[in-house]
Amino acid sequence: MKIMTVTFLAAIGLAAAAPAQAQFAFGTGDVPTKIDADKADYKGRLTVLTGQVQVQQGDVRILADTMNVYRADLGGGKLGPIERIDAVGNFYYITPNEKVRGAKGVYEETRDIITITGDVILEDSSGNVGTGSKLIYNLANKEANMQGDCKGRACRTGRVNILIPGGNGGSL
């Protein structure tokens, strides 16, 4: 299986899509993190959330069917900020300016990225749309690296696709 990679930052208009505060930065600043779920099981630094889970910080949300939320261990029984989220089933990452959908998403605080897999769709507020099998999304600089699992025009499916609307919509 070959992998086709396309990095598109300005290609679909995400470079200036959202201000710096419109990203997840768990445990930093004054913006609280709100979590909603049908059930939460606490297992030390791991919290397992199930049932239409939503994690929200400011105007940014991550949604999924289930999530494993890992927090830093500060010692002495104290937990710190969120370090990682593994979200499975109907994954969404939503900001006022973009929406990403896929089957699974992994947020890594130390790398400031979200990796989304499984029929990924990335759409920005200008109507630009990118699809592929995997997206590595840098939250700090809004760089999106979309990958497909097929290479060449002979592929009927599995390639990276980008739709840029006409008129005043998107730009390269």
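Me: Which residues have the most contacts inside the largest nonpolar core?
Reply: In this predicted model, they are Met67, Ile85, Tyr93, Ile114 and Leu135, within a core of 25 residues. A nonpolar core is a set of buried Ala, Val, Leu, Ile, Met, Phe, Trp, Tyr and Cys residues joined through side-chain atoms within 4.5 Å. Elements giving two or more residues to this core include β5, β6 and β8.

Me: What is Met67 in contact with, leaving aside its neighbours within four places in sequence?
Reply: Contact means heavy atoms within 4.5 Å. Among the residues that Met67 meets on this basis are Leu49, Val55, Ile62, Ile85 and Asp86.

Me: Why is Glu98 called buried?
Reply: Buried means under 20% relative accessible area, exposed over 50%, and partly exposed in between (1.4 Å probe, protein chains only). Glu98 has 2% relative accessibility, so it counts as buried.

Me: What joins the side chains of Glu98 and Tyr137?
Reply: A polar contact of 2.9 Å joins them. The term requires a pair of N or O atoms within 3.5 Å; within protein, one must be able to donate a hydrogen and the other to accept it, and residues adjacent in sequence count only if both atoms are side-chain atoms.

Me: How many nonpolar, polar and charged residues are in the lining of the largest pocket?
Reply: There are seven nonpolar, five polar and one charged. Ala, Val, Leu, Ile, Met, Phe, Trp, Tyr, Cys and Pro count as nonpolar, Asp, Glu, Lys and Arg as charged, and the others, Gly among them, as polar.

How values were computed: Residues numbered from 1 in each chain as written. Predicted model: local features only at pLDDT ≥ 70, side-chain atom pairs only at ≥ 80, totals over all residues. Heavy atoms only, no water. Helix = DSSP H or I, 4+ residues; strand = E, 2+ residues; numbered from the N terminus.
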